[in-house]
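Please open the model in your viewer and keep the selection panel at hand.

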Amino acid sequence: MSIERIKTLIIGSGPAGYTAAIYAARADLKPVLYTGMEPGGQLTTTTEVDNFPGYPHGVDGPTMMVELQKQAERFGTEVRIGLVTKVTLSKNKGGIHMVTVDNGKEIEAESIIISTGATAKYLGIPSEERLKGGGVSACAVCDGFFYKGQDVAIVGGGDTAAEEATYLANLCTKVTMIVRKGQMRASKAMQHRVESRENIEVRYFSEIEEVLGKDVVEGVRIVNSKTNEKDDVKVTGLFIAIGHKPNTDIFKGQIEMDDAGYIITKGKTTDTNYPGVFASGDVQDKDYRQAVTAAGTGCMAALDAERYLADIE
Ligand code: NDP
């Protein structure tokens, strides 16, 4: 049986993958998109998306992803449910990349767009899991607006937590920032921004033992790791900002990445260190991480793939 040959293989089904698919399909690159384990990506875990241009009344995350899929399919993208489990990439310009799906099916790809995204890290306690979507969020920029005039908590001491705490302080009455060590990892500039806000209270040596509330967040139980003292803080929202993990395990040892595992792209392009392999969305962006920026780089990846394929033909 001959192995299937695909002109443009897109891995991942978030805003980056589907936008790449829309552009690739319209350029007649005959894209095939594999959805991965979480069809629709991170936005399917968000409720309302209010900051994507073109939706004046907002849209809920899962609906937006279904619409993006339909738009990609309208131009001929073939969307397949499946997980890419292995890649063997060619270093040669015009070379064929070998891809395994679901540990079985083999595919040959002339070009690949990696849009596998990143996954927010969570604390991993049962009450947090139960209240995801009920006041526990991993994105202050996405969900902070819903807590306008309310008291919220944010956990983490890195740049993301500091930035998001400041963002929340503009909207919320009070922000309790929960940091597990005696200092923050965030840059000094970010820390100064946090300190300058009167409505942010930083709690050092603090960890969340439990998120309180049955169906919605009503508070957090904080334990001080030095004194072992516990106290309950009333909040309606809890933001987790303890970092993200890019979904790049299958590319390790081949695609060039930074220390945290984010794919390195060249200059203003989506080029990776392999010819014909491009990266778009959160898998190559730890700074912006927005649906609209992911979509933008998805468009760029399709245009880069189109130029590459035209060049080798
Ligand atoms: P980081 O990995 O830098 O920080 C994670 C933070 O979460 C640390 O304070 C860490 O604590 C804490 N943490 C991790 N696990 C737990 C846990 N289980 N319980 C409690 N706390 C926990 O991630 P960020 O997302 O903040 O940043 C990622 C990268 O992106 C960094 O390089 C950052 O500089 C960059 N960035 C830059 C921005 C900018 O320049 N504007 C904005 C946002 C991010 P501990 O310190 O104890 O390990």
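Which residues does the domain assignment of the chain give to domain 1, and which to domain 2? Domain 1 comprises 4-119 + 244-312, and domain 2 comprises 122-240. Colour these two selections separately; the model is a predicted one. The C-alpha centres of the two domains lie 32 Å apart.

**The interface**

Next, display the contact between the domains, to which domain 1 contributes seven residues and domain 2 five residues. Together the two domains bury about 560 Å² between them, with 46% of this area on carbon and sulfur atoms. On the domain 1 side, select Glu48, Arg289 and Gln290: these residues lose the most area to domain 2, together 43% of what that side buries.

What classes of residue does domain 1 present to domain 2? The side that touches domain 2 has four polar and three charged residues, and no nonpolar ones.

**The parallel sheet**

Now turn to an open sheet of five strands, with parallel pairing and the order E10-E17-E11-E12-E13. Select 136-137 and 200-203 to show its edge strands, E10 and E13, each of which pairs on one side only. Then select residues 151-155, strand E11, and residues 174-178, strand E12; five bridges join these parallel strands. As a last stop, centre the view on Val152, which stands opposite Val175 in E12.

Conventions:
Residues are numbered from 1 along each chain as its sequence is written. This is a predicted model: local features need pLDDT of at least 70, side-chain atom pairs count only at pLDDT 80 or more; totals for chains, interfaces and linings use all residues. Side-chain values use heavy atoms; hydrogens and water are left out. Domain bounds come from an automatic or database domain assignment. Contact means heavy atoms within 4.5 Å. Buried area is the accessible area (1.4 Å probe) that two parts lose on being put together, summed over both. Ala, Val, Leu, Ile, Met, Phe, Trp, Tyr, Cys and Pro count as nonpolar, Asp, Glu, Lys and Arg as charged, and the others, Gly among them, as polar. Two strands pair if DSSP finds at least two bridges between them. Helices (H or I, at least four residues) and strands (E, at least two) are DSSP runs, numbered from the N terminus.
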